[in-house]
Amino acid sequence: MKEENLWLKYEADELDALEKVCGDYRAFLDAGKTERECVSEIIRQAEAKGYQNLYTAQTLQPGDKVYAAWMEKSIALFRVGTEPLEQGMNILGAHIDSPRLDLKQNPLYEESGLAYFDTHYYGGIKKYQWVTVPLAIHGVVVRKDGTRETISIGEQETDPVFAVTDLLVHLSSKQLEKKASAVVEGENLDILIGSRPLKGEEKDAAAAQILKLIRDKYHIEKEDLMSAELEAVPAGKARECGLDRSMIMAYGQDDRVCAFTSMRAMLDMKQTDRTLCCILVDKEEIGSVGATGMQSRFFENAVAELMNLNGEYSELNLRRCLSRSCMLSSDVSAGFDPTFASCFEKKNAAFMGKGMVFNKFTGSRGKSGSNDANAEYMAHLRRILDEKKVVYQTAELGKVDVGGGGTIAYILALYGMNVIDSGVAVLNMHAPWEATSKADVYETYRGYMAFAEGAAL
Ligand code: MN
Ligand code: MN
């Protein structure tokens, strides 16, 4: 099924379904520009479909639907099957954090009459891409008394936006001789936040104006920024791309394209024998670390809670459940870009419009850091997907020795379960605006549905 272009395959009814899923996907991207916003949007959609909070549930029966959110930044959805949990689950996983500029804990300063927020970038970025684009600020500020403000500035048409400045080309001859990695230094990715001095203030009057504004509007003091998580992200909504509207251009598609399609498949699934799970985690872009990253015990603990509620819990049953599970660990794959063809190996590259992508392995320079899925598992998936006529392709992230990347797959594989990397091809990965094919988004959603329904290996 590899060589087919999806646009030539779809009939009218499928094109309607495709547009519906992609419209909902764009709305999801607009609602979730941070991991916290994604979690609250996922809870909203899950509750609308009858999901309840795992941590307040009393018992669990087959057919019950629950979610377990952790620190508002990671979330697992479960749909209890008729089989005992010790038989394992079908798991869809992805990440909901994306590269961006995080405000430092003491961010505000003034230089020559201009006020700035100092940042530390999050995830791997080409720093030169993040200057002169309109930015919005999203996040939370928690006061010492525990009360908090949720912030989102820059998304409404009447909102102001922010930006990192760049040197005018007229004076750039020296700058342009630098290596691209040094053209813009990380410490210079500071956000211009104001330029209007506060009357009567003698020192740093522009910064004082900013402090006054946030004090008046949000009742936030300068010290409160110490306990804040504020993220500068590209401002604006997800858009259709191309005169034929065949693509989507948006911030944060790595990896919200896989998070959305996994969640949507989970919410649309009917009851199955096997328990279904959708795990959407934070911190993938910085190594899956922290209490809300995939390396956290949060997921394992949530499964233990689940087994406790249906009376199945024992240490051994938990281990059996995890080791007998099957997972699609989904993340974006590098879409083949003809402009940079020399970085790809065409026989093993992911093409836009050619369907769901499987990466049997990821990693770099000799598969280092990879989860290399079993041939038996890949064969099993081929069988399931072919049965449901899902179009897929196999790929690897670029040519051997050119680079590579990692995902959360290897972490779940530690339990001994079958895990494979899958997902959607994307152009401009990690840039402020990334592009995907609508057809791939839809076909990947279909692939997740087929997987979730499929029998165990
Ligand atoms: Mn990713
Ligand atoms: Mn990434």
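Biologist: Which residues line the largest cavity?

Modeller: In this predicted model, the lining of the largest cavity is made by Thr 34, Glu 35, Arg 36, His 138, Gly 139, Val 140, Glu 229 and Glu 231. Helix H3 (35-48), strand S7 (135-142) and strand S10 (228-234) each give two or more residues to that lining. The largest share, three residues, comes from S7.

Biologist: What makes a space a cavity, and what makes it a pocket?

Modeller: A 1.4 Å probe fits into a cavity but cannot get out, whereas a pocket is open. The largest cavity holds about 40 Å³ of space, and two cavities of 30 Å³ or more are counted. The largest pocket has a volume of about 1100 Å³. Its lining has 37 residues, and those closest to its centre are Ala 334, Leu 397, Asn 428, Met 429 and His 430. Strands S15, S19 (404-405), S20 (418-423) and S21 (425-427) each supply at least two residues of this lining.

Biologist: Which residue coordinates both manganese ions?

Modeller: That is Asp 254, and the two ions are 3.1 Å apart. Asp 254 sits in helix H6 (residues 253-268), while Asp 331 is in the loop between strands S14 (326-330) and S15 (333-334), 77 residues away.

Biologist: How do you know whether Asp 254 and Glu 285 are buried or exposed?

Modeller: The limit for buried is under 20% relative accessible area. Asp 254 has 2%, so it counts as buried. Glu 285 has 14%, which also falls under the limit, so it is buried too. Asp 331 is likewise buried.

Biologist: How do you know that the span of helix H7 (residues 298-309) agrees with its number of residues?

Modeller: At 1.5 Å a residue, its twelve residues should span 16 Å, and the end C-alpha atoms are 17 Å apart, which agrees.

Biologist: And what makes H7 mostly covered?

Modeller: Nine of its twelve residues are buried, among them Phe 298, Phe 299, Leu 306 and Leu 309. The buried residues pack against several elements, including strand S4 (89-95), strand S13 (275-281) and helix H8 (315-323). After H7 comes Gly 311, whose phi is positive, near 80°.

Biologist: One more: why is the pairing of Glu 111 and Ser 112 called a polar contact?

Modeller: The cut-off is a pair of N or O atoms within 3.5 Å, and neighbours in sequence count only if both atoms are side-chain atoms. Here the contact is between the two side chains at 3.5 Å, so it qualifies. Glu 111 belongs to strand S5 (residues 100-111).

Notes: Residues numbered from 1 in each chain as written. Chains lettered and ligands numbered in written order. Predicted model: local features only at pLDDT ≥ 70, side-chain atom pairs only at ≥ 80, totals over all residues. Heavy atoms only, no water. Donors = N, O, S within 2.8 Å, 3.2 Å for Na, K, Ca; no water. Helix = DSSP H or I, 4+ residues; strand = E, 2+ residues; numbered from the N terminus. Buried < 20%, exposed > 50% of the residue type's maximum accessible area, 1.4 Å probe, protein only. Expected span 1.5 Å × (residues − 1). Contact = heavy atoms within 4.5 Å. Polar contact = N/O pair within 3.5 Å; in protein donor to acceptor, adjacent residues only side chain to side chain. 1 Å grid on protein atoms, 1.4 Å probe; cavity = no way out; pocket = protein on both sides within 12 Å on 5 of 7 lines; lining within 4 Å. Points joined across faces, edges and corners; volume = space filled by probe spheres on them.
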